[in-house]
Every structure is written in C-alpha cells, then in structure tokens.
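Hi,

Here is the structure I promised to pass on. Have a look at it first, and then read my notes below.

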Amino acid sequence: MKRFLAWLASFRLRILLRTSFLLLALVVLVMTVTVLQEEKQRSYDTYQASLNKTKAQIVARLHHPAGQLALLNPRWDAASAAAGRPLVLPFSAIDFDDQNKVRNAIEMAGCLVQYPDHGSLCVAVGNNPWAGGFIYAAGTFASGPLEAHRIGDEFLDGAHRLRVTVRLREQSWQWIAPFEPLANGAPTRGEGVRGRFTGYVELPDRDYTGARPLKEFRGWVWQSGRCLDAAADDEESCRKQSFFSLRLPVESLRQGILQSARPVWPPADLDQYKVQVEVLPPGEGAPLFASDRPGAVPPFALDALSTLLLPGESLSIRRVDAGSEREVALLAGRDEAQELSSPLLTRLIRRLPVESLEATEVELRDEIATPLGNYRLVLKGDARSVNKTLSVVATRLSWFIGAMLGAIAIAWLVIEIGLIRPIARLTRRTRGLSRSVQADGGLERYDLADLRGGDELGLLAGGLDELLQRVREDAERGRIRSAQEKDMWHAVGHEIMSPLQSLLALHGNEADPSHRYISRMQQAVRVLYGSASPSEAFAGSQLDIAAVDLAAFVNNVAENAGIADVVCHGTAAPVPVRADEFALEDVFAHLLRNAERYRPEGSPIELTLAIDDNTASVTVANQGPAIADDMLERIFEYGVSDQAESAAAGNRGQGLFVARTYMAKMGGTIVARNTADGVAFVLTLPRARPA
C-alpha cells in the first residue's frame with residue numbers, strides 16, 4: 001500500500017496540472033456563457049431606455065417648427081422638392097415685405113431647399129386660408145451687381161429678372177419680373193442694394209410696350225454689399241448673394257377660398273401644384289439659378305425619422321380629428337444586412353435566463369399639437385431583436401474563444417512534455433529532503449551535486465544545491481548574530497544602569513523633577529534589558545498600578561514637558577485614576593512630541609480632562625494636518641511612521657505603539673480622531689474608587 005501511495009505521489013503534479021488546465025478550459029467556457037448572459041440582460045435593460053430615448057428625439061424634432069412643417073406635409077419628400085411642390089407652413093402667412101421676418105420665418109420653419117452655388121428656395125402657403133390664397137417663394141442666389149430695368153424700355157432682357165412658372169394639371173401661370181432698384185444711383189462698393197421684382201405676365205414676343213405690372217404679384221430683393229469671394233478686386237468680378245421674397249397670386253387658390261364659406265385648407269390638390277423659379281441674367285445667358293437644377297438638398301421630412309429606428313421598430317403618425325384618427329405616415333427601421341450567426345449560439349442565447357421586460361413587444365405613445373390639428377405618435381419595438389444582434393456578436397467572438405481554448409491545449413502539451421517530465425525526475429531525487437531535515441536537521445547531509453549538469457534539469461539541480469549551501473550559511477550567521485545582539489542588549493543595559501543609579505543618588509528628593517525622569521529612564525532600561533526586540537520588551541513589561549491624581553498629573557506634565565503653549569482645561573478638581581505614573585508620563589511625552597512636530601508654529605496644544613461615572617478621559621488636541629482615514633488605527637502599530645526615512649530622522653514608529661501598549665496594561669484605551677482643524681488623541685482610564 002505504501003508503495004502504491006508513493007507511486008501515486010509521483011503523479012500528483014501531473015494530475016494537478018492536467019486538472020488545472022481542464023478547469024481553465026471550463027472557466028473560459030463558463031465565463032463566456034456568463035458574459036453572454038450579462039450582455040443579454042444588459043441589452044434587454046438598455047432596449048427600453050433606448051426606445052424611450054428614440055421617442056424623445058422624435059418628439060423633440062416634431063415639436064420644432066421644422067418638425068411641424070414635416071407633419072403638415074407628410075407626403076413631401078426629395079421628389080416633391082425637385083418638382084417645386086408648395087409646402088404648408090406652420091404660420092398663417094409670411095410678411096414678405098420685411099427681409100428679417102421672411103428670413104426668420106423660412107429658416108425657423110426649415111423649408112429651404114439648398115442648391116449648389118449659394119442657392120436656396122422655399123415654396124409654401126400659409127396654414128390659414130384667409131391670408132389670401134397666395135403662394136410664397138423666398139430664397140437666395142449669387143450674381144454680380146444687379147442690373148436694373150429702366151421704365152419705358154420695351155424689352156426686359158437688359159436687366160436681371162425672375163421667371164416664375166406655376167402649373168396645376170393643364171393650367172399654368174407664368175410671370176417675368178425684372179429688377180427695379182428703390183433708390184437712384186449705383187451703390188458704392190461695400191453697400192447693399194434693395195429693390196423689387198415687378199411682375200408682368202410673360203409674353204411670347206418679349207415686347208412689353210404698354211404692358212402694366214400685376215398688382216397682386218409682389219417681389220422684393222436685397223443684395224448683400226460683401227463679395228462672396230474675398231479675393232475679388234473689382235466690381236465686375238465681385239459676386240454677391242441676394243435674398244428675394246415673392247408673393248404669387250394663383251387664381252385657382254383664390255377661387256377655392258372665395259367659393260366656399262368654410263374652405264378646405266390646405267387644398268386637396270396642393271401637392272399637384274408645381275412652382276419653378278429661375279433667375280435670368282441680362283441678355284441671353286444661362287439662368288443664374290433654377291429651381292429644377294440637379295443637386296438640390298431638401299429640408300427635413302418625415303421619412304428622415306426612419307434613420308432613428310432600429311430594425312424591428314416602427315413609427316405610426318396619426319392625425320386626430322374630432323375623435324377619429326387617420327394615419328398619415330408609417331415608418332419602419334431599416335433592416336440592415338447582418339452577418340451570419342451560428343444556429344447553436346442563437347439557441348443558446350435564447351435559452352439564457354434573464355429578467356425580461358414586462359412584454360417583449362413595447363409600445364410608446366405621445367401627441368404633438370400643430371396649428372392645423374393634433375398628431376398621435378405610436379412607436380413600437382420588439383426586444384427580441386436583441387437576440388439577433390447578440391448572436392451575431394457571439395458568432396464573431398466564438399473564433400477568439402476557440403483560439404483561446406486551442407492555446408490552452410498547446411500550452412498544456414508544451415508544459416507536460418518539456419517541464420513536468422524532467423521535474424518529475426528531479427522530484428524523485430529530492431523526495432527525502434523534508435524527511436532528512438525533520439529527522440536530524442540534516443541540511444548538512446543533503447547534497448545534490450551529483451545531479452548537476454548542462455541542461456535545464458542540471459541547472460535546476462545545481463541551483464538547488466547552491467541554495468541549500470547558502471541556507472546553511474545564512475542559518476549559521478543568523479544564530480551568531482542573534483547571540484551577539486542579545487549580548488549587546490545585556491551589555492548596554494548593564495552599562496546604563498550604573499550611571500543612572502549614581503544620578504538617582506544625587507537627586508534623591510522625590511519632589512525633584514530630575515528624580516522623576518531618572519526613575520523613568522531606569523524603568524525603560526529594565527523593560528528593554530535582555531529582550532530579543534523592543535516590541536516584545538514593551539509587550540512583556542510589568543507596570544505598578546496605583547491611584548494617581550489625573551488632574552494634578554496633567555498640570556505637572558504641561559508645566560514640565562519643555563514644550564511651549566500647552567494649555568490645560570478641566571484640571572481644577574482632583575480626579576483619581578488607576579495607572580502607573582511612569583508609564584502614563586511616557587504616554588503623554590510621546591503624544592506631546594507628536595503634537596509639537598505637526599502643529600503650526602505658535603498654535604496651542606490643548607489638554608482637556610473630562611470624567612463620567614466609571615472613567616476619566618484626557619483629550620490631547622492640536623491644530624495641523626489630518627490623519628488619513630485608513631491610518632487612524634495603523635499608526636498604533638510598531639514601526640508605522642509617516643516619514644519615508646523615519647529611522648534616520650529618529651522616528652522609528654514606536655511612540656504610539658508604546659502609548660497603546662501601556663494604556664492597555666493600565667486598563668485604559670487610546671484612540672485617534674480628526675477634528676475640524678487638526679487631530680485629537682483621547683486617553684481613557686478607569687477611575688480609582690475611594691478605600
């Protein structure tokens with residue numbers, strides 16, 4: 001049986017190693033499953049918050065005038081912008097005569113379609129039919145200095161002019177509007193130009209002799225005084241941006257309003273109107289700006305909200321009219337092509353237990369108020385879509401897990417073949433080491449010199465042999481050093497005790513303070529005399545416990561401490577306690593030296609005496625830096641000091657250790673605490689009962 005156990009012991013390391021690698025592989029698998037479970041739980045928890053955040057973003061966008069513009073025009077999109085279809089504004093009308101008001105209105109509503117080369121255009125109607133049934137057009141274009149039309153000219157081709165075309169099915173209205181400045185004289189460089197576009201019905205022969213402008217057609221233009229290109233050095237090469245606003249009288253809109261007492265607004269056929277605006281230069285050149293030019297960037301529309309939706313989420317926008325609801329838009333998250341996922345991992349993720357939501361299908365609602373009615377939002381999501389995303393991520397990471405398990409297997413083979421087998425041979429040779437040491441301290445007898453060699457095993461054996469030799473040498477040196485230190489303590493104690501005894505004879509009067517301090521020195525030498533270490537000496541010392549007047553003792557310590565500004569409180573009446581007078585004086589000496597070291601110069605050290613039924617306490621407080629919370633207890637350990645080279649500075653971390661040791665032997669306690677402006681040490685001693 002013993003042989004079997006010995007034989008089995010030779011395989012213990014192999015069994016431990018193989019078990020460790022097996023456990024490591026299992027830990028990797030368990031960790032993977034745990035991480036998947038945590039990620040699934042976190043994803044489920046995050047999904048609800050994400051859906052609420054998405055709803056808040058959608059509501060915030062739709063509350064903005066640009067969002068209300070999109071609600072009022074749910075079928076308006078990029079194709080509508082290219083066709084010039086009018087929008088319904090969230091305002092009743094536009095004050096087209098005031099540049100600032102027009103700019104603020106269209107920029108706040110977000111209806112501008114942006115074009116290349118500093119061009120933009122907003123075509124819209126107000127949301128109130130009684131504003132006149134006009135179509136408003138406002139925007140910007142870039143050109144050189146505007147050339148004006150002279151009154152009386154038969155032809156309008158010599159001036160900058162607008163051509164505006166409005167079409168409704170088979171009907172069309174077309175106007176030409178030349179630029180006319182409001183002030184005479186050409187502006188100087190740096191000044192802006194303000195004028196109007198006077199509208200005429202466009203004639204095929206372009207001869208406008210005797211033609212009268214349309215009163216209902218109103219147009220204004222403001223050209224900036226600054227060049228778009230800062231490098232332009234003359235007036236002809238200076239291109240400037242102009243802002244224009246138009247009011248277009250469309251007869252079909254006005255007839256629809258006038259023919260009914262309660263006209264339907266916006267008109268049902270508004271999306272069939274097409275408005276085209278062109279800015280023509282003087283002469284026969286190409287238009288400076290055309291609303292049908294490619295490259296237009298439309299403003300915000302409802303279909304842009306689909307970018308906020310995740311796959312599996314949908315947004316329904318319904319208009320609420322007199323208790324009934326009508327869906328105006330239904331958006332869904334785009335199903336992006338996802339990477340392939342492992343069916344095994346997908347089934348595993350589905351089976352992982354998590355704290356699910358109250359329902360996997362989540363529905364959130366909200367309402368938006370606009371000038372033309374209220375809209376209800378219904379945002380739906382499915383938390384189960386989390387499993388699909390997580391499965392894709394897990395499939396991608398499964399290659400890393402497989403590589404990690406493969407690396408564990410390779411590491412096991414390398415260690416098994418390259419290390420464990422040679423070490424097993426060395427183990428068999430060193431099996432008797434512990435038995436040899438336990439039997440007769442036989443480090444001297446144990447020798448591995450015959451196992452030395454040039455390979456790893458030989459180097460290890462040689463290292464062990466050298467280590468054993470050094471251990472033997474260090475053990476011998478340690479024994480000699482310990483004996484020398486003990487002899488030194490005896491010699492030091494003997495040499496110090498003789499002069500102290502002579503000094504005590506010279507100061508024999510017990511009332512003499514020198515007598516008291518010499519007695520304390522004798523006691524300290526007796527404590528340390530013959531001990532192996534100072535900490536053991538203090539811990540093993542014996543104290544002479546007797547009744548001591550703590551009030552008189554505190555006053556005496558304050559007077560004879562040799563430290564300035566030591567103030568006593570509450571020491572007027574006697575307070576007898578049970579203590580060793582010499583040990584207690586050592587305690588106060590250590591505390592006062594520490595307080596003197598850390599207090600600001602000139603600040604007092606306060607000793608406050610307080611009593612209760614069974615104990616008396618003295619608080620030693622000083623101003624200065626606070627003690628770290630994690631050091632309030634550690635400072636009473638032997639050798640703990642806040643100075644990096646405490647021994648070199650004479651501070652060995654011994655004072656507070658001695659203080660707590662003596663207080664414990666006297667049946668008392670000492671604790672440290674931080675105050676508002678410094679540190680306080682509280683000493684508590686049992687009160688002495690009268691005989």
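**What turned up around Arg85**

Leaving aside neighbours within four places in sequence, Arg85 is in contact with Asn73, Arg75, Trp76, Ser80, Val123, Leu270, Asp271 and Tyr273. Please keep in mind that this is a predicted model. Arg85 sits in the loop between helix H4 (78-83) and strand E1 (87-88). Arg85 is buried but has no salt bridge; Asp271, the nearest side chain of opposite charge, is 4.7 Å away. A polar atom of the Arg85 side chain does lie 3.5 Å from the backbone oxygen of Arg75.

Gln174, in strand E6 (residues 171-181), is another one to look at. With a relative accessibility of 35%, Gln174 counts as partly exposed. Its side chain makes polar contacts with the side chains of Thr165, at 3.2 Å, and Glu202, at 2.9 Å. Gln174 and Val201 are 27 residues apart in sequence, yet their C-alpha atoms are 6.2 Å apart in space.

Now to the helices. Seven of the eight residues of helix H3 (residues 65-72) are buried, so H3 is largely enclosed by the rest of the structure. Among the buried ones are Leu69, Leu71 and Leu72.

Further along, helix H14 (residues 581-598) packs against helix H15 (residues 655-665) at an angle of about 145°, with the axes 9 Å apart. The residues making this contact include Leu584, Val587 and Leu591 of H14, and Leu656, Val658 and Tyr662 of H15. The crossing of H14 and H15 is left-handed.

Best wishes

Definitions and conventions: Residues numbered from 1 in each chain as written. Predicted model: local features only at pLDDT ≥ 70, side-chain atom pairs only at ≥ 80, totals over all residues. Heavy atoms only, no water. Helix = DSSP H or I, 4+ residues; strand = E, 2+ residues; numbered from the N terminus. Buried < 20%, exposed > 50% of the residue type's maximum accessible area, 1.4 Å probe, protein only. Lys, Arg positive; Asp, Glu negative; His and termini not counted. Salt bridge = Lys/Arg side-chain N within 4 Å of Asp/Glu carboxyl O. Polar contact = N/O pair within 3.5 Å; in protein donor to acceptor, adjacent residues only side chain to side chain. Contact = heavy atoms within 4.5 Å. Axes fitted to C-alpha atoms, helices over the stretch in contact; angles between N-to-C directions. Left-handed = near helix turned anticlockwise from the far one by under 90°.
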